[in-house]
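This briefing goes through a structure at the level of its helices and a handful of individual residues. Please keep the sequence and the model in view while reading the points that follow.

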Amino acid sequence: MDLPSFIWLWRIAAWSMGLSVTVYGGLLMTGGFVWYARTQQKPQLSWVRVIHFLLGGVLVALVLLLLSIGIIGTLGEHGNLGHSWHLWAGLSVVGLVLASLAAATQISSRPWARTLHVTLNALLFIAFTAVSYSGWDVVQQYLP
């Protein structure tokens, strides 16, 4: 394909990834506050849960944006998706975020879902590390 440079798309992806990691940190903090209040049997601050839910929604949106940017940009630049292990790292992040969302929706009715949610988010830390590392390698190909 003879398409214009995708550098603008990679810039959006870089900013979105940075924001995703920042939002993940915010989720870690607000989730920690919710956990602390629950385990210490203290009253929950309702605004902390609301912020946690909002940040979770933002993370889902950002990860889906990154998935679409990756697919569009990679297909446009290479014509196929299988040129790097970044694909598998990215798909693992998407899968873990969506699985964490699914578990989160079940926490109020199924007690085991809380443990699953936390475990998935711990695995998400590892997946974010892998996708950041592999993404850095991929982005280097496009920088002038």
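Glutamine 41 lies in the loop between helix H1 (7–39) and H2, and in this predicted model glutamine 41 has a positive phi of about 55 degrees although it is not a glycine.

**The loop residue**

- Most residues other than glycine have a negative phi, and against that background the phi of about 55 degrees at glutamine 41 is a feature to look at in the backbone.
- Glutamine 41 has a relative accessibility of 73%, and because the cut-off for exposed is over 50%, glutamine 41 counts as exposed.

**Overall fold**

- The protein contains 4 helices and 0 strands, and the pattern read along its sequence is α-α-α-α.
- Taken along the principal axes, the box filled by the C-alpha atoms of the protein is roughly 60 × 25 × 20 Å.
- Of the 144 residues in the protein, 32% are buried.

**How the helices pack**

- The axes of H1 and H2 come within 8 Å and cross at roughly 155 degrees; angles over 145 degrees count as roughly antiparallel, and H1 and H2 are therefore roughly antiparallel to each other. Their crossing is left-handed.
- For helix H2 (residues 46–78) and helix H3 (residues 86–104), the axes come within 10 Å and the crossing angle is roughly 150 degrees, which means that H2 is roughly antiparallel to H3. H2 passes H3 in a left-handed crossing.
- H3 and H4 pack with their axes 8 Å apart, at an angle of about 160 degrees, so H3 is roughly antiparallel to H4. The crossing of H3 and H4 is left-handed.

**Two residues within helices**

- Glycine 26 lies in helix H1, where its relative accessible area of 16% places it under the 20% cut-off, so glycine 26 is classed as buried.
- Glycine 26 and glycine 56 are separated by 30 residues in sequence, while the distance between them in space is 9.3 Å, C-alpha to C-alpha.
- Alanine 99 and serine 20 are 79 residues apart along the chain, and their C-alpha atoms are separated by 17 Å.

**A nonpolar patch on the surface**

- Which residues form a nonpolar patch on the surface? The patch is formed by Trp85, Trp88, Leu91 and Tyr133, which together have about 500 Å² of accessible area.
- Tyrosine 133, one of the patch residues, is found in helix H4 (residues 112–140).
- Is tyrosine 133 buried or exposed? Tyrosine 133 has a relative accessible area of 54%, and because exposed means over 50%, tyrosine 133 is exposed.

Terms used
Residues numbered from 1 in each chain as written. Predicted model: local features only at pLDDT ≥ 70, side-chain atom pairs only at ≥ 80, totals over all residues. Heavy atoms only, no water. Patch = residues over 30% accessible without salt bridge, like charges linked within 9 Å, V, L, I, M, F, W, Y side chains within 5 Å. Areas by Shrake-Rupley, 256 points an atom, 1.4 Å probe, with all protein chains shown as cover. Salt bridge = Lys/Arg side-chain N within 4 Å of Asp/Glu carboxyl O. Buried < 20%, exposed > 50% of the residue type's maximum accessible area, 1.4 Å probe, protein only. Axes fitted to C-alpha atoms, helices over the stretch in contact; angles between N-to-C directions. Parallel < 35°, antiparallel > 145°, perpendicular 65-115°, else oblique. Left-handed = near helix turned anticlockwise from the far one by under 90°.
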